[in-house]
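Hi there,

Here is the structure I promised to pass on to you. Have a look at it first, and then read my notes below.

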Amino acid sequence: MQKEKARELLAKYQQGLCTAEENAIVEAWFKKVQQGSDWEIPEQDATDIRLRMLSKIMEQTDEIVRPAGKIRFLNRYRWYAAASLLLLVSAMSFFWWTSFRNTKRSIIYSEAAKVLPGRTGAILTLSNGETVLLDSAGNGVIATQGGTSIVKDQDQIKYHPESGSKDIVYNTITTPTGRTFKVMLPDSSHVWLNAESSITYPTAFAGKDREVSITGEVYFEVTHKTGINFRVKAGSETFEDLGTSFNINAYTDEPNLKGTLVEGALKIRDVIMRPENQVMIARSGKMQLLENVDVENVVAWKNGNFHFNSVDIHTIMRQVGRWYGVNIEYEGTFEETYSGGISRNVKLAELLHILEVTGKLNFEFRDRTIIIKS
């Protein structure tokens with residue numbers, strides 16, 4: 001009985017025929033689904049996304065959906081409506097789960113379900129070329145370089161130079177696909193590396209210049225020292241810290257190099273960046289300064305999330321490929337943009353399912369390759 005009423009209510013909502021109270025029931029269900037999946041739906045896209053979800057559910061149901069005008073109990077019997085609310089929400093959730101489960105089978109989600117999200121880990125390359133796998137290294141001192149002790153502390157390493165140490169050598173930390181890592185540099189600045197990234201730095205800073213070089217995507221919280229510069233080289237560009245926190249995205253497969261300022265000030269070329277500024281540098285060298293950028297969106301990866309704001313599927317899947325270690329292929333053309341967020345701790349199958357439900361996408365998965373069809 002409750003299942004039949006739920007079907008009718010969903011159909012009525014899809015047709016835009018619900019009363020205010022019926023709308024409230026469906027909205028409560030959407031909220032329940034959203035909380036269960038960690039998916040953040042932008043308010044401006046909520047109506048379209050919900051209708052797509054309902055269409056998917058209706059495609060999966062094997063019974064004819066009758067007009068929903070018979071649902072009168074909400075107005076006439078408020079006590080009964082209140083008591084039925086939880087049952088209806090439960091029944092609708094059952095349909096959602098059934099749809100989810102069937103969809104997973106239909107597009108080979110069983111293999112994608114085996115692909116786990118990335119985790120913490122990196123490779124440390126010492127000055128003599130020796131490498132240390134930080135994923136499995138125990139806590140404590142793991143090496144000494146030029147009078148500087150390198151200490152592993154849970155999911156990060158810290159450099160502790162001896163006072164007056166002038167024997168400077170260079171180390172590099174590299175994160176493979178599906179790994180992130182955090183480093184505390186010899187000057188106590190903190191650095192986060194996204195997947196497929198690296199940073200090279202001296203084991204002790206001396207003089208009036210501190211300089212590091214990066215590839216991929218790195219977030220900095222620089223310990224400001226008056227009169228001592230901190231510079232980051234990314235490709236052919238150099239960012240100069242003026243007391244700040246900032247993110248640099250220098251992946252070579254991205255169309256632009258991006259530097260985004262969170263706090264303080266940052267200099268690149270002859271431009272002084274202010275908080276919420278972002279510079280985009282094309283391969284041609286042309287630089288564009290953007291203002292009022294959503295910095296939470298930019299640094300979502302550091303906080304363990306995917307977060308997309310009106311981006312195309314190619315932009316999304318480049319991040320997915322780096323994090324899950326999968327290849328991406330496309331069949332067809334894709335003009336839609338997508339917004340929303342989800343934890344980076346979900347399995348690949350859940351992420352693909354959400355993308356399919358919320359957009360005009362179909363996926364296949366085989367041999368660790370996602371094939372996206374329009």
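In which strand does Thr244 lie? Thr244 is part of strand β13, which covers residues 237-250; helices (H or I, at least four residues) and strands (E, at least two) are DSSP runs, numbered from the N terminus.

Before going further, a word on the source: this is a predicted model, where local features need pLDDT of at least 70, side-chain atom pairs count only at pLDDT 80 or more, and totals for chains, interfaces and linings use all residues. Residues are numbered from 1 along each chain as its sequence is written, and side-chain values use heavy atoms, with hydrogens and water left out.

Back to Thr244. This residue counts as buried because its relative accessibility is 4%; buried means under 20% relative accessible area, exposed over 50%, and partly exposed in between (1.4 Å probe, protein chains only). Leaving aside residues up to four places away in sequence, Thr244 touches Phe220, Glu221, Val222, Leu261, Glu263, Gly264, Ala265 and Leu266, where a contact means heavy atoms within 4.5 Å.

For the protein as a whole, there are nine helices and 22 strands. Of its 374 residues, 49% are buried. Among contacts with a separation of 6 or more, 54% are between residues 24 or more positions apart. The protein exposes about 18,100 Å², and carbon and sulfur atoms supply 48% of that area; accessible areas come from the Shrake-Rupley method with a 1.4 Å probe, and for residues only the protein chains shown count as cover.

Next, the charged pairs. The structure holds 13 salt bridges, each being a side-chain nitrogen of Lys or Arg within 4 Å of a carboxyl oxygen of Asp or Glu.

- Asp135 and Arg119 meet through their side chains in a salt bridge, at 3.3 Å from N to O. This pair links distant parts of the chain, 16 residues apart: Asp135 sits in the loop between β3 (131-133) and β4 (140-145), and Arg119 in strand β1 (residues 119-120). Asp135 is partly exposed, with a relative accessible area of 27%, and Arg119 is also partly exposed, at 46%.
- Arg231 forms a salt bridge with Glu240, with 3.7 Å between the closest N and O atoms. Arg231 counts as partly exposed at 22% relative accessibility, while Glu240 counts as buried at 18%.
- Glu254 forms a salt bridge with Arg318, and their closest N and O atoms are 3.0 Å apart. Here too the pair links distant parts of the chain, 64 residues apart: Glu254 is in the loop between β13 and β14 (256-268), and Arg318 is in helix α8 (residues 313-324). Glu254 counts as buried because its relative accessibility is 12%. Asp253, Glu254, Arg318 and Arg322 are linked in a network of salt bridges.

Finally, a sheet. Three strands form an open sheet in the order β19-β22-β21, with mixed pairing; two strands pair if DSSP finds at least two bridges between them. Its edge strands are β19 (327-331) and β21 (362-366), each of which pairs on one side only. Strands β19 and β22 (residues 369-373) run parallel and are joined by five bridges. One partner to look up is Ile370 in β22, which bridges to Ile328.

Enjoy exploring the model, and do send me your questions.

Best wishes
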